[in-house]
Amino acid sequence: MTAEEKTEQGSQEISMEGIDISPKGDQGVLKQIKREGSGAENPMIGDKVSVHYTGWLPDGTKFDSSRDREDKFTFDLGKGQVIKAWDIAVATMKIGEICQITCKPEYAYGASGSPPKIPPNATLIFEIELFEFQGEDLSTEEDGGIIRRIRVKGEGYSKPNEGAVVELKLQGFHNGRVFDDRELQFEVGEGESLGIPSGVETALQQMEKGEEAVLYLKPKYGFGSTGYEPFQIPPNAELGYEVKLKSFEKAKESWEMNTDEKLEQGGLVKEKGTQYFKAGKFRQAIIQYKKIIQWLEHESGLSDEESSKSKSLLLAASLNLAACYLKLGEHRQALDHCNKALEFEPNNEKGLFRRGESYTGVNEHELAKEDFAKVIQLYPNNKAARTQIAQCQQRIRDQHQREKKIYANMFERLASKEEKQTSKASTEQSPATTDVEMSDATSTEETQHNGATDTEISEA
(Lines give C-alpha, C1' and ligand atoms only; values in the text may rest on other atoms or scores of the structure.)
Protein backbone atom coordinates (compact mmCIF):
# COMPACT_ATOMS: atom_id res chain seq x y z
CA MET A 1 0.00 0.00 0.00
CA THR A 2 1.34 3.43 -0.94
CA ALA A 3 1.72 6.34 1.50
CA GLU A 4 -1.09 8.10 -0.39
CA GLU A 5 -3.39 5.10 0.02
CA LYS A 6 -2.59 4.91 3.75
CA THR A 7 -3.39 8.60 4.20
CA GLU A 8 -6.72 8.14 2.45
CA GLN A 9 -7.59 5.36 4.89
CA GLY A 10 -6.62 7.40 7.96
CA SER A 11 -3.02 6.17 8.00
CA GLN A 12 0.32 7.93 7.59
CA GLU A 13 4.04 7.24 7.55
CA ILE A 14 5.47 7.81 11.03
CA SER A 15 9.04 8.04 12.25
CA MET A 16 9.82 5.79 15.23
CA GLU A 17 12.96 7.55 16.40
CA GLY A 18 13.58 9.46 19.62
CA ILE A 19 15.46 9.76 22.89
CA ASP A 20 15.11 6.85 25.31
CA ILE A 21 13.26 8.11 28.45
CA SER A 22 12.41 4.69 29.92
CA PRO A 23 13.56 4.31 33.56
CA LYS A 24 15.41 1.08 32.74
CA GLY A 25 17.09 2.51 29.63
CA ASP A 26 15.69 -0.38 27.58
CA GLN A 27 14.42 1.69 24.61
CA GLY A 28 10.91 1.02 25.88
CA VAL A 29 9.76 4.65 25.54
CA LEU A 30 11.29 6.91 22.86
CA LYS A 31 10.44 10.62 22.82
CA GLN A 32 10.71 13.28 20.09
CA ILE A 33 9.84 16.91 20.92
CA LYS A 34 7.89 18.46 18.02
CA ARG A 35 7.22 21.79 19.75
CA GLU A 36 8.99 23.10 22.84
CA GLY A 37 6.88 23.98 25.86
CA SER A 38 7.22 26.89 28.26
CA GLY A 39 7.87 27.31 31.96
CA ALA A 40 10.30 25.64 34.33
CA GLU A 41 8.00 23.02 35.89
CA ASN A 42 6.95 19.55 34.80
CA PRO A 43 3.91 17.68 36.09
CA MET A 44 4.46 15.66 39.27
CA ILE A 45 2.93 12.43 40.54
CA GLY A 46 -0.71 12.92 41.47
CA ASP A 47 -1.14 16.06 39.33
CA LYS A 48 -4.27 16.24 37.22
CA VAL A 49 -3.08 16.79 33.65
CA SER A 50 -5.01 17.84 30.53
CA VAL A 51 -3.83 16.74 27.08
CA HIS A 52 -4.80 16.17 23.47
CA TYR A 53 -3.46 13.03 21.78
CA THR A 54 -3.54 10.93 18.64
CA GLY A 55 -2.47 7.27 18.54
CA TRP A 56 -1.18 5.19 15.62
CA LEU A 57 -0.05 1.64 14.97
CA PRO A 58 3.42 1.21 13.35
CA ASP A 59 1.82 0.87 9.89
CA GLY A 60 0.37 4.37 10.29
CA THR A 61 -3.20 3.30 11.12
CA LYS A 62 -4.80 5.83 13.48
CA PHE A 63 -6.69 4.01 16.25
CA ASP A 64 -7.72 6.87 18.56
CA SER A 65 -7.68 10.68 18.80
CA SER A 66 -9.01 13.12 21.37
CA ARG A 67 -8.68 15.86 18.73
CA ASP A 68 -11.18 14.06 16.49
CA ARG A 69 -13.62 14.07 19.43
CA GLU A 70 -12.75 17.71 20.21
CA ASP A 71 -12.52 16.74 23.87
CA LYS A 72 -9.32 17.05 25.93
CA PHE A 73 -8.33 14.03 28.00
CA THR A 74 -7.55 14.42 31.71
CA PHE A 75 -6.00 11.94 34.15
CA ASP A 76 -4.02 11.79 37.40
CA LEU A 77 -0.35 11.36 36.62
CA GLY A 78 1.51 8.39 38.10
CA LYS A 79 -1.61 6.70 39.46
CA GLY A 80 -1.83 3.90 36.90
CA GLN A 81 -4.83 5.42 35.14
CA VAL A 82 -3.04 5.26 31.76
CA ILE A 83 -0.42 3.02 30.15
CA LYS A 84 3.08 3.14 31.68
CA ALA A 85 4.56 5.01 28.73
CA TRP A 86 2.17 7.91 29.26
CA ASP A 87 2.99 8.24 32.98
CA ILE A 88 6.68 8.28 32.05
CA ALA A 89 6.45 10.66 29.08
CA VAL A 90 3.96 13.25 30.37
CA ALA A 91 6.07 13.69 33.51
CA THR A 92 8.87 15.03 31.24
CA MET A 93 6.70 17.59 29.43
CA LYS A 94 6.09 21.32 29.89
CA ILE A 95 2.96 23.37 29.26
CA GLY A 96 2.39 23.82 25.52
CA GLU A 97 4.82 21.07 24.51
CA ILE A 98 3.94 18.68 21.71
CA CYS A 99 5.88 15.43 21.58
CA GLN A 100 5.75 12.05 19.91
CA ILE A 101 6.39 8.89 21.92
CA THR A 102 7.01 5.37 20.66
CA CYS A 103 6.03 2.70 23.20
CA LYS A 104 7.10 -0.93 23.25
CA PRO A 105 4.32 -3.42 24.14
CA GLU A 106 5.49 -3.82 27.75
CA TYR A 107 4.96 -0.07 28.25
CA ALA A 108 1.60 -0.13 26.45
CA TYR A 109 -1.02 -2.91 26.33
CA GLY A 110 1.38 -5.86 26.42
CA ALA A 111 0.62 -9.36 25.21
CA SER A 112 -3.14 -8.97 25.51
CA GLY A 113 -3.47 -5.77 23.44
CA SER A 114 -6.75 -3.86 23.53
CA PRO A 115 -9.10 -5.48 21.00
CA PRO A 116 -10.41 -4.75 18.50
CA LYS A 117 -8.23 -1.76 17.61
CA ILE A 118 -4.89 -2.72 19.22
CA PRO A 119 -3.53 -6.21 18.54
CA PRO A 120 -1.41 -8.23 21.00
CA ASN A 121 2.25 -7.22 21.48
CA ALA A 122 1.72 -3.97 19.58
CA THR A 123 4.21 -1.11 19.53
CA LEU A 124 2.25 2.19 19.66
CA ILE A 125 3.01 5.75 18.59
CA PHE A 126 1.33 8.77 20.23
CA GLU A 127 1.46 12.49 19.63
CA ILE A 128 0.67 14.32 22.88
CA GLU A 129 0.12 18.02 23.60
CA LEU A 130 0.15 19.15 27.25
CA PHE A 131 -2.23 22.01 28.08
CA GLU A 132 -2.21 22.27 31.88
CA PHE A 133 -1.58 20.46 35.14
CA GLN A 134 -2.51 21.09 38.75
CA GLY A 135 -1.79 19.47 42.09
CA GLU A 136 -4.06 17.14 44.02
CA ASP A 137 -6.53 18.77 46.43
CA LEU A 138 -6.39 17.01 49.82
CA SER A 139 -8.85 19.26 51.67
CA THR A 140 -11.99 17.48 52.91
CA GLU A 141 -14.12 20.37 51.63
CA GLU A 142 -12.43 20.21 48.20
CA ASP A 143 -11.91 23.97 48.27
CA GLY A 144 -8.35 23.93 46.95
CA GLY A 145 -7.03 24.72 50.41
CA ILE A 146 -4.43 21.91 50.57
CA ILE A 147 -2.70 21.20 47.28
CA ARG A 148 -0.12 18.39 47.13
CA ARG A 149 2.43 17.73 44.42
CA ILE A 150 4.55 14.57 44.82
CA ARG A 151 8.22 14.90 43.91
CA VAL A 152 9.21 11.39 45.00
CA LYS A 153 6.67 8.59 45.38
CA GLY A 154 6.69 6.77 48.70
CA GLU A 155 6.76 3.02 49.29
CA GLY A 156 3.99 0.66 50.29
CA TYR A 157 0.32 1.47 50.77
CA SER A 158 0.17 2.24 54.49
CA LYS A 159 -0.32 5.87 55.62
CA PRO A 160 -0.19 7.56 59.04
CA ASN A 161 -3.48 7.82 60.92
CA GLU A 162 -4.66 10.15 63.68
CA GLY A 163 -2.32 9.65 66.63
CA ALA A 164 0.48 8.07 64.58
CA VAL A 165 4.04 9.02 65.52
CA VAL A 166 5.69 10.53 62.44
CA GLU A 167 9.30 11.42 61.71
CA LEU A 168 9.77 14.01 58.98
CA LYS A 169 11.86 16.74 57.48
CA LEU A 170 10.12 19.93 56.46
CA GLN A 171 10.74 23.42 55.14
CA GLY A 172 8.13 26.17 55.22
CA PHE A 173 8.05 29.07 52.73
CA HIS A 174 6.26 32.41 52.66
CA ASN A 175 6.88 35.01 49.94
CA GLY A 176 10.14 33.30 49.01
CA ARG A 177 11.42 33.26 52.61
CA VAL A 178 12.21 30.02 54.46
CA PHE A 179 10.56 30.43 57.87
CA ASP A 180 10.80 26.85 59.12
CA ASP A 181 13.52 24.26 58.45
CA ARG A 182 13.80 21.27 60.76
CA GLU A 183 13.60 17.55 61.30
CA LEU A 184 11.17 16.48 64.00
CA GLN A 185 9.08 13.68 65.44
CA PHE A 186 5.58 14.13 66.83
CA GLU A 187 2.14 12.58 67.12
CA VAL A 188 -0.35 13.46 64.39
CA GLY A 189 -2.88 15.72 66.07
CA GLU A 190 -0.23 17.39 68.26
CA GLY A 191 1.34 19.51 65.52
CA GLU A 192 -0.21 22.83 66.48
CA SER A 193 1.82 22.98 69.69
CA LEU A 194 4.98 22.65 67.55
CA GLY A 195 4.03 25.28 64.98
CA ILE A 196 2.80 22.73 62.42
CA PRO A 197 -0.38 23.98 60.69
CA SER A 198 -3.44 21.76 60.31
CA GLY A 199 -2.99 21.51 56.52
CA VAL A 200 0.37 19.78 56.94
CA GLU A 201 -1.10 17.26 59.37
CA THR A 202 -3.98 16.55 56.99
CA ALA A 203 -1.51 15.98 54.15
CA LEU A 204 0.68 13.68 56.29
CA GLN A 205 -2.26 11.29 56.63
CA GLN A 206 -2.27 10.90 52.82
CA MET A 207 1.48 10.30 52.47
CA GLU A 208 3.50 7.08 52.20
CA LYS A 209 6.82 6.31 53.86
CA GLY A 210 9.68 8.00 51.97
CA GLU A 211 7.36 10.30 50.02
CA GLU A 212 8.61 13.79 49.24
CA ALA A 213 5.88 16.32 48.53
CA VAL A 214 5.33 20.03 47.98
CA LEU A 215 2.28 21.47 49.75
CA TYR A 216 0.45 24.74 49.10
CA LEU A 217 -1.83 25.90 51.91
CA LYS A 218 -4.51 28.56 51.92
CA PRO A 219 -4.76 30.61 55.15
CA LYS A 220 -7.60 28.49 56.55
CA TYR A 221 -5.26 25.48 56.59
CA GLY A 222 -2.16 27.44 57.56
CA PHE A 223 -2.01 29.95 60.41
CA GLY A 224 -5.37 31.55 59.64
CA SER A 225 -6.44 35.10 60.34
CA THR A 226 -4.09 35.45 63.32
CA GLY A 227 -0.80 34.51 61.64
CA TYR A 228 2.04 33.07 63.69
CA GLU A 229 4.41 35.45 65.46
CA PRO A 230 7.24 32.94 66.23
CA PHE A 231 7.73 32.49 62.46
CA GLN A 232 6.79 36.09 61.62
CA ILE A 233 3.86 34.92 59.50
CA PRO A 234 1.27 37.68 58.99
CA PRO A 235 -2.51 37.11 59.12
CA ASN A 236 -4.21 35.41 56.14
CA ALA A 237 -0.92 34.21 54.64
CA GLU A 238 -0.68 31.52 51.97
CA LEU A 239 2.12 29.06 52.74
CA GLY A 240 4.27 26.51 50.94
CA TYR A 241 5.93 23.45 52.48
CA GLU A 242 8.36 20.81 51.30
CA VAL A 243 7.86 17.66 53.35
CA LYS A 244 9.64 14.31 53.43
CA LEU A 245 7.96 11.61 55.51
CA LYS A 246 10.94 9.60 56.72
CA SER A 247 9.04 7.04 58.80
CA PHE A 248 5.94 6.58 60.96
CA GLU A 249 4.35 4.23 63.46
CA LYS A 250 0.59 3.98 63.16
CA ALA A 251 -1.64 4.42 66.19
CA LYS A 252 -3.89 1.50 67.04
CA GLU A 253 -7.15 1.56 65.14
CA SER A 254 -10.42 1.15 67.04
CA TRP A 255 -10.85 -2.45 65.89
CA GLU A 256 -7.37 -3.32 67.19
CA MET A 257 -8.22 -2.27 70.77
CA ASN A 258 -10.17 -4.24 73.35
CA THR A 259 -12.75 -2.60 75.62
CA ASP A 260 -10.35 -2.07 78.52
CA GLU A 261 -7.87 -0.30 76.23
CA LYS A 262 -10.58 1.93 74.79
CA LEU A 263 -11.83 2.95 78.24
CA GLU A 264 -8.30 3.54 79.54
CA GLN A 265 -7.23 5.53 76.49
CA GLY A 266 -10.53 7.40 76.52
CA GLY A 267 -9.76 8.76 79.98
CA LEU A 268 -6.26 9.81 78.91
CA VAL A 269 -7.33 11.64 75.75
CA LYS A 270 -10.15 13.35 77.68
CA GLU A 271 -7.56 14.86 80.01
CA LYS A 272 -5.34 15.80 77.09
CA GLY A 273 -8.29 17.47 75.36
CA THR A 274 -9.08 19.45 78.50
CA GLN A 275 -5.51 20.73 78.66
CA TYR A 276 -5.76 21.91 75.06
CA PHE A 277 -9.12 23.54 75.74
CA LYS A 278 -7.78 25.47 78.71
CA ALA A 279 -4.85 26.62 76.56
CA GLY A 280 -7.28 27.90 73.92
CA LYS A 281 -6.22 25.24 71.39
CA PHE A 282 -9.73 24.22 70.47
CA ARG A 283 -8.95 22.39 67.22
CA GLN A 284 -6.48 20.14 68.99
CA ALA A 285 -8.96 19.56 71.79
CA ILE A 286 -11.57 18.51 69.21
CA ILE A 287 -9.18 15.89 67.82
CA GLN A 288 -8.79 14.34 71.27
CA TYR A 289 -12.49 14.34 72.18
CA LYS A 290 -13.44 12.84 68.81
CA LYS A 291 -11.23 9.83 69.55
CA ILE A 292 -13.55 8.93 72.44
CA ILE A 293 -16.58 9.04 70.13
CA GLN A 294 -14.75 6.93 67.54
CA TRP A 295 -13.68 4.31 70.07
CA LEU A 296 -16.80 3.94 72.19
CA GLU A 297 -19.86 5.13 70.25
CA HIS A 298 -20.64 1.72 68.74
CA GLU A 299 -19.09 -0.49 71.42
CA SER A 300 -21.46 -3.29 72.45
CA GLY A 301 -21.60 -6.21 74.85
CA LEU A 302 -20.36 -4.16 77.81
CA SER A 303 -20.77 -5.09 81.44
CA ASP A 304 -22.74 -2.71 83.68
CA GLU A 305 -19.54 -1.14 85.00
CA GLU A 306 -18.04 -0.79 81.51
CA SER A 307 -21.31 0.64 80.17
CA SER A 308 -21.36 3.24 82.95
CA LYS A 309 -17.75 4.31 82.22
CA SER A 310 -18.41 4.41 78.49
CA LYS A 311 -21.53 6.55 78.89
CA SER A 312 -19.68 8.94 81.19
CA LEU A 313 -16.84 9.38 78.68
CA LEU A 314 -19.18 9.78 75.70
CA LEU A 315 -21.28 12.34 77.56
CA ALA A 316 -18.18 14.33 78.55
CA ALA A 317 -16.77 14.13 75.01
CA SER A 318 -20.03 15.35 73.45
CA LEU A 319 -20.38 18.24 75.93
CA ASN A 320 -16.75 19.26 75.47
CA LEU A 321 -16.98 19.08 71.68
CA ALA A 322 -20.00 21.38 71.87
CA ALA A 323 -18.00 23.80 74.02
CA CYS A 324 -15.10 23.75 71.53
CA TYR A 325 -17.33 24.45 68.54
CA LEU A 326 -19.07 27.26 70.42
CA LYS A 327 -15.67 28.85 71.04
CA LEU A 328 -14.92 28.55 67.33
CA GLY A 329 -18.30 30.03 66.36
CA GLU A 330 -19.34 26.82 64.55
CA HIS A 331 -22.83 26.66 66.00
CA ARG A 332 -24.32 23.92 63.81
CA GLN A 333 -21.56 21.53 64.86
CA ALA A 334 -22.05 22.54 68.48
CA LEU A 335 -25.78 21.87 68.16
CA ASP A 336 -25.18 18.34 66.86
CA HIS A 337 -22.97 17.45 69.83
CA CYS A 338 -25.40 18.99 72.33
CA ASN A 339 -28.14 16.78 70.95
CA LYS A 340 -25.86 13.74 71.29
CA ALA A 341 -25.11 14.65 74.90
CA LEU A 342 -28.80 15.06 75.69
CA GLU A 343 -29.51 11.60 74.27
CA PHE A 344 -27.34 10.24 77.11
CA GLU A 345 -28.78 12.56 79.75
CA PRO A 346 -31.88 14.56 78.66
CA ASN A 347 -31.82 16.95 81.63
CA ASN A 348 -28.08 17.63 81.66
CA GLU A 349 -27.53 21.24 82.72
CA LYS A 350 -24.52 21.92 80.49
CA GLY A 351 -26.12 20.15 77.54
CA LEU A 352 -29.30 22.26 77.73
CA PHE A 353 -27.42 25.49 78.32
CA ARG A 354 -24.95 24.92 75.46
CA ARG A 355 -27.76 23.90 73.14
CA GLY A 356 -29.47 27.17 74.01
CA GLU A 357 -26.26 29.00 73.09
CA SER A 358 -26.06 27.03 69.86
CA TYR A 359 -29.65 27.91 68.93
CA THR A 360 -28.86 31.55 69.62
CA GLY A 361 -25.89 31.31 67.27
CA VAL A 362 -28.14 30.12 64.42
CA ASN A 363 -30.86 32.73 65.24
CA GLU A 364 -33.36 30.19 66.61
CA HIS A 365 -34.20 32.42 69.58
CA GLU A 366 -37.52 30.79 70.52
CA LEU A 367 -35.85 27.37 70.77
CA ALA A 368 -32.96 28.89 72.70
CA LYS A 369 -35.41 30.49 75.13
CA GLU A 370 -37.10 27.10 75.69
CA ASP A 371 -33.77 25.46 76.59
CA PHE A 372 -32.75 28.26 78.98
CA ALA A 373 -36.22 28.12 80.58
CA LYS A 374 -35.80 24.38 81.13
CA VAL A 375 -32.40 25.00 82.74
CA ILE A 376 -34.01 27.42 85.23
CA GLN A 377 -36.85 24.99 85.89
CA LEU A 378 -34.40 22.16 86.69
CA TYR A 379 -31.60 24.27 88.15
CA PRO A 380 -33.13 27.43 89.71
CA ASN A 381 -29.74 28.79 90.83
CA ASN A 382 -28.40 29.10 87.27
CA LYS A 383 -28.19 32.89 86.96
CA ALA A 384 -26.55 32.74 83.52
CA ALA A 385 -29.66 31.04 82.10
CA ARG A 386 -31.88 33.87 83.47
CA THR A 387 -29.64 36.41 81.78
CA GLN A 388 -29.83 34.46 78.54
CA ILE A 389 -33.65 34.37 78.67
CA ALA A 390 -33.78 38.15 78.96
CA GLN A 391 -31.42 38.45 76.00
CA CYS A 392 -33.52 35.99 73.98
CA GLN A 393 -36.67 37.98 74.68
CA GLN A 394 -34.99 41.16 73.50
CA ARG A 395 -33.70 39.43 70.37
CA ILE A 396 -37.19 38.08 69.64
CA ARG A 397 -38.68 41.59 70.02
CA ASP A 398 -35.99 43.03 67.76
CA GLN A 399 -36.65 40.32 65.21
CA HIS A 400 -40.40 41.04 65.26
CA GLN A 401 -39.72 44.74 64.72
CA ARG A 402 -37.49 43.97 61.76
CA GLU A 403 -40.13 41.66 60.29
CA LYS A 404 -42.84 44.31 60.71
CA LYS A 405 -40.71 46.81 58.83
CA ILE A 406 -39.96 44.29 56.10
CA TYR A 407 -43.66 43.43 55.66
CA ALA A 408 -44.71 47.08 55.84
CA ASN A 409 -42.26 47.98 53.09
CA MET A 410 -43.39 44.96 51.11
CA PHE A 411 -47.07 45.97 51.33
CA GLU A 412 -46.22 49.56 50.41
CA ARG A 413 -44.38 48.36 47.31
CA LEU A 414 -47.27 46.06 46.34
CA ALA A 415 -49.85 48.84 46.85
CA SER A 416 -47.75 51.23 44.80
CA LYS A 417 -47.36 48.64 42.05
CA GLU A 418 -51.12 47.95 41.97
CA GLU A 419 -51.86 51.69 41.85
CA LYS A 420 -49.49 52.12 38.89
CA GLN A 421 -51.03 49.13 37.11
CA THR A 422 -54.60 50.51 37.66
CA SER A 423 -53.56 53.92 36.40
CA LYS A 424 -51.91 52.39 33.35
CA ALA A 425 -54.99 50.28 32.61
CA SER A 426 -57.29 53.35 32.82
CA THR A 427 -55.04 55.24 30.44
CA GLU A 428 -55.05 52.36 27.94
CA GLN A 429 -58.87 51.90 28.09
CA SER A 430 -59.80 55.56 27.36
CA PRO A 431 -58.68 55.70 23.72
CA ALA A 432 -60.22 52.26 23.09
CA THR A 433 -63.67 53.54 24.10
CA THR A 434 -63.31 56.54 21.82
CA ASP A 435 -62.41 54.25 18.91
CA VAL A 436 -65.62 52.24 19.43
CA GLU A 437 -67.76 55.35 19.59
CA MET A 438 -66.19 56.69 16.39
CA SER A 439 -66.53 53.39 14.51
CA ASP A 440 -69.38 53.05 12.04
CA ALA A 441 -68.79 49.29 11.73
CA THR A 442 -70.48 48.33 15.04
CA SER A 443 -74.19 48.96 15.52
CA THR A 444 -76.01 49.36 18.83
CA GLU A 445 -77.92 46.18 18.09
CA GLU A 446 -74.70 44.21 17.60
CA THR A 447 -73.26 45.63 20.77
CA GLN A 448 -76.34 44.59 22.75
CA HIS A 449 -76.27 41.13 21.19
CA ASN A 450 -72.63 40.66 22.08
CA GLY A 451 -73.30 41.84 25.61
CA ALA A 452 -76.09 39.34 26.05
CA THR A 453 -73.84 36.55 24.81
CA ASP A 454 -71.15 37.58 27.30
CA THR A 455 -73.68 37.45 30.12
CA GLU A 456 -74.83 33.99 29.15
CA ILE A 457 -71.27 32.69 29.01
CA SER A 458 -70.58 34.20 32.40
CA GLU A 459 -73.70 32.64 33.99
CA ALA A 460 -73.01 29.29 32.38
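**Reading the labels on a model**

Student: Why is Y157 called exposed?

Tutor: Its relative accessibility is 78%. Exposed means over 50% relative accessible area, buried means under 20%, and partly exposed lies in between (1.4 Å probe, protein chains only). Since 78% is over 50%, Y157 counts as exposed. Before we go on, please note that this is a predicted model, where local features need pLDDT of at least 70, side-chain atom pairs count only at pLDDT 80 or more, and totals for chains, interfaces and linings use all residues. Residues are numbered from 1 along each chain as its sequence is written, and side-chain values use heavy atoms, with hydrogens and water left out.

Student: Where is Y157 found?

Tutor: Y157 is in the loop between β9 (146–152) and β10 (165–174). Its C-alpha lies 6.6 Å from that of E208, although the two are 51 residues apart in sequence.

Student: What makes C99 and C324 buried?

Tutor: The relative accessible area of C99 is 0%, and C324 is also at 0%. That value is below the cut-off for buried, so both carry the label. Across the protein chain, 38% of the 460 residues count as buried.

Student: How many disulfides are there, and how do you know?

Tutor: The count is zero. A disulfide is a pair of cysteine sulfur atoms within 2.5 Å. For C99, the closest cysteine sulfur is in C103, 9.6 Å away, so that pair is too far apart for a bond.

Student: What counts as a helix or a strand, and how many are there?

Tutor: Both are DSSP runs numbered from the N terminus: helices are H or I with at least four residues, strands are E with at least two. By that rule the protein chain has 12 helices and 13 strands.

Student: What describes two packed helices?

Tutor: The angle between their axes and the distance between the axes. Axes are lines fitted to C-alpha atoms, for helices over the stretch in contact, and angles run from 0 to 180 degrees between N-to-C directions.

Student: Why are α5 and α7 called roughly parallel?

Tutor: Helix α5 (residues 259–278) and helix α7 (residues 304–327) cross at roughly 25 degrees, and their axes come within 11 Å. Under 35 degrees is roughly parallel, over 145 roughly antiparallel, 65 to 115 roughly perpendicular, and the rest oblique. The angle falls under 35, so α5 and α7 are roughly parallel.

Student: What makes α8 and α9 roughly antiparallel?

Tutor: Helix α8 (residues 331–344) and helix α9 (residues 349–361) pack at about 155 degrees, with axes 9 Å apart. That is over 145, so the pair is roughly antiparallel. The residues that meet include L335 and C338 in α8, and L352 and Y359 in α9.

Student: Why does α9 with α10 get its label of roughly antiparallel?

Tutor: The axes of α9 and helix α10 (residues 365–378) come within 8 Å and cross at roughly 160 degrees. Again the angle is over 145, so α9 is roughly antiparallel to α10. F353 of α9 and F372 of α10 are among the contact residues.

Key. Contact means heavy atoms within 4.5 Å.
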